[in-house]
Amino acid sequence: MILHTGMRTDIPAFYTPWFLNRLREGFVLVRNPFDPSAVTRYRLEPSVVDLLCFCTKNPAPMLPHLAALEPFGQYWFVTITPYGRDIEPNVPPKEQVLESFLRLSEKLGPHRVAWRYDPILLDETYTLQRHLDDFTRMAETLKGATDACIISFVDLYEKVKRNFPTLKPVGPEERLLLAGRMAEIAGSCGMQLRPCGEGSELAAVGADTSGCMTIPIFEKALGERLRVPRYQPQRKECACYLGSDIGAYHSCIHLCRYCYANDDAVLARYNHRRHDPSSPFLIGGPMPGDRIRDAKQESWIDRQLSFL
């Protein structure tokens with residue numbers, strides 16, 4: 001199976017000691033975000049977890065511990081944007097994250113690390129030209145370190161509007177212009193531009209709209225064929241195979257103003273204080289009335305076929 005760690009929070013940035021403890025213990029407990037008393041127990045064993053998928057804005061805390069991850073397949077998404085602390089208050093300096101990306105790629109290989117430049121937003125500071133200039137510099141820095149760059153345009157969910165009331169939607173002409181130029185820039189640096197959750201609109205300007213977390217991408221990272229259960233995407237614009245996530249909402253303290261997973265900075269800080277690195281739960285611990293069930297887990301690798 002594929003186990004995600006980063007669609008709800010940033011585990012490498014803020015919870016690396018906890019994750020390493022979970023690997024040593026061999027399991028993790030995850031609360032259902034819509035029914036907190038429903039708890040799923042996942043085994044963290046290579047025999048049933050084929051690939052760990054990370055999404056992070058700061059992989060540096062995990063870099064000294066990559067040996068602990070070696071028994072598992074891995075795929076990393078590292079987000080690097082041009083925004084300052086006015087928008088991303090607690091994200092490390094971009095130069096530091098770029099350096100961490102290069103180190104991660106050197107250890108794992110460019111087919112296991114993807115660059116996320118998202119979400120793209122426009123205002124008086126971050127203009128079309130500013131994005132193209134910064135994107136070019138970053139792409140040139142990461143040339144040879146990845147074969148994929150993921151982009152998306154900011155979605156104006158209600159919780160995003162509350163945290164970032166000055167945001168404006170990125171119009172169709174702006175999306176096509178930016179994506180077309182970014183596809184050219186990425187291609188010149190050996191990267192395929194892949195939109196995230198944007199449908200097929202950007203295929204016309206050279207983007208690969210087949211998805212950014214697809215089974216072929218994960219198979220390439222593993223060097224193995226996968227036989228996966230049937231899966232219904234959560235959104236019609238998304239072709240990705242998202243699977244199960246062991247994170248928790250409202251626990252990332254990057255506190256980016258555009259964040260979809262956090263809508264309350266006070267709650268995020270409170271939950272971060274409740275974190276116990278020795279707990280099987282990311283946030284808090286066991287509660288009266290918990291109903292724990294074991295996840296159905298099995299390897300999806302087709303042992304009769306291999307890429308390598």
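Predicted model: local features only at pLDDT ≥ 70, side-chain atom pairs only at ≥ 80, totals over all residues.
Student: Which residues of helix α2 are buried?
Tutor: Helix α2 spans residues 16-25. Cover for its buried residues comes from elements including α1 (11-14), β2 (27-32), β4 (51-56) and α3 (66-69). The buried residues are T16, W18, F19, L20, R22 and L23.

Student: Which residue takes a positive phi just after α2?
Tutor: Helix α2 covers residues 16-25. Just after α2, a phi of about 90° is taken by G26.

Student: How many residues apart in sequence are the parts that the F19 and F54 pair ties together?
Tutor: Both F19 and F54 are buried. F19 lies in helix α2 and F54 in strand β4, so the pair ties together parts whose separation in sequence is 35 residues.

Student: Which residues do ring pairs link into a cluster with F19?
Tutor: The cluster linked by ring pairs holds F19 together with F54 and W76.

Student: Is W115 buried or exposed?
Tutor: Buried means under 20% relative accessible area. W115 has 0% relative accessibility, so W115 counts as buried.

Student: What is the distance of R257 from the ring centre of F164?
Tutor: R257 lies over the face of F164. The distance to the ring centre is 4.0 Å.

Notes: Residues numbered from 1 in each chain as written. Heavy atoms only, no water. Buried < 20%, exposed > 50% of the residue type's maximum accessible area, 1.4 Å probe, protein only. Helix = DSSP H or I, 4+ residues; strand = E, 2+ residues; numbered from the N terminus. Contact = heavy atoms within 4.5 Å. Phe/Tyr/Trp six-rings, centres within 6.5 Å; stacked < 30°, edge-to-face > 60°. Lys NZ or Arg CZ within 6 Å of the ring centre and 35° of its normal.
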